[in-house]
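Subject: Model handover

Hi,

Here is the structure I promised to send over. Could you open it alongside this note when you have a moment?

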Amino acid sequence: MSKQQAPLALVDLNADAPCCPPLAQRRVPAETAAVLAPAFKALGDPVRLQLMSMIASAEGGEACVCDLTPAFDLTGPTISHHLKTLREAGLVDAERRGTWVYYRARPGILRQLAALLSVEPAPLPKA
């Protein structure tokens, strides 16, 4: 039996529209928080945040693990663990090509996280 729980499907993490209003405007529903929290938790580690940045900003929209690993003073298995955590959190997709794995950021969930953290004031009611 797998320790990994099935992801909740209450929020479409690939949607282009924000999942909910920014948390500065309205309380985040518990169900939405449960879906988005693993992504924030995954990004809470400095190495994973750097990996995410490297992947998201990579030329052509993807990065090979062969280019990611040398950027850190960590072992290959440790980098693989961090990349697996990003994958399980839904932040990246991976594709094996021969002996290498290529990673791509998932823009839908990044938009969701960015929209949630926006601090734009709520629009004023029309008179």
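Below are my notes on confidence, then on a few helices and the residues around them.

First, some conventions. This is a predicted model, in which local features need pLDDT of at least 70, side-chain atom pairs count only at pLDDT 80 or more, and totals for chains, interfaces and linings use all residues. Residues are numbered from 1 along each chain as its sequence is written, and side-chain values use heavy atoms, leaving out hydrogens and water.

On confidence, the mean pLDDT (the predictor's confidence in each residue, from 0 to 100) is 84 for the protein, with 80% of its residues at 70 or more. Residues 1-10 have pLDDT below 50, and this stretch has 5 contacts in the model beyond near neighbours in sequence. Where pLDDT is low, the predicted coordinates should not be read in detail.

Asp-45 caps the N-terminal end of α2, with a side-chain oxygen 2.9 Å from the backbone nitrogen of Val-47.

Which residues does His-82 contact, leaving aside neighbours within four places in sequence? They are Asp-45, Val-47, Arg-48 and Leu-51 (contact means heavy atoms within 4.5 Å). His-82 lies in helix α4 and is buried, at 8% relative accessible area. Its side chain also makes a polar contact with the side chain of Arg-48, at 3.1 Å (a pair of N or O atoms within 3.5 Å; within protein, one must be able to donate a hydrogen and the other to accept it, and residues adjacent in sequence count only if both atoms are side-chain atoms).

Thr-85 is also found in α4, which spans residues 76-88, and is buried at 19%. Not counting residues up to four places away in sequence, Thr-85 touches Ala-42 and Arg-48.

Finally, helix α5 (residues 107-117) has Gly-108, Ile-109, Gln-112, Leu-113, Ala-115 and Leu-116 buried. These fall within an arc of 165° seen down the axis, so they line one face of the helix. Part of what covers them is α1 (30-43).

Best wishes

Note on methods: Helices (H or I, at least four residues) and strands (E, at least two) are DSSP runs, numbered from the N terminus. Buried means under 20% relative accessible area, exposed over 50%, partly exposed in between (1.4 Å probe, protein chains only). The arc is that of the directions from the helix axis to the C-beta atoms.
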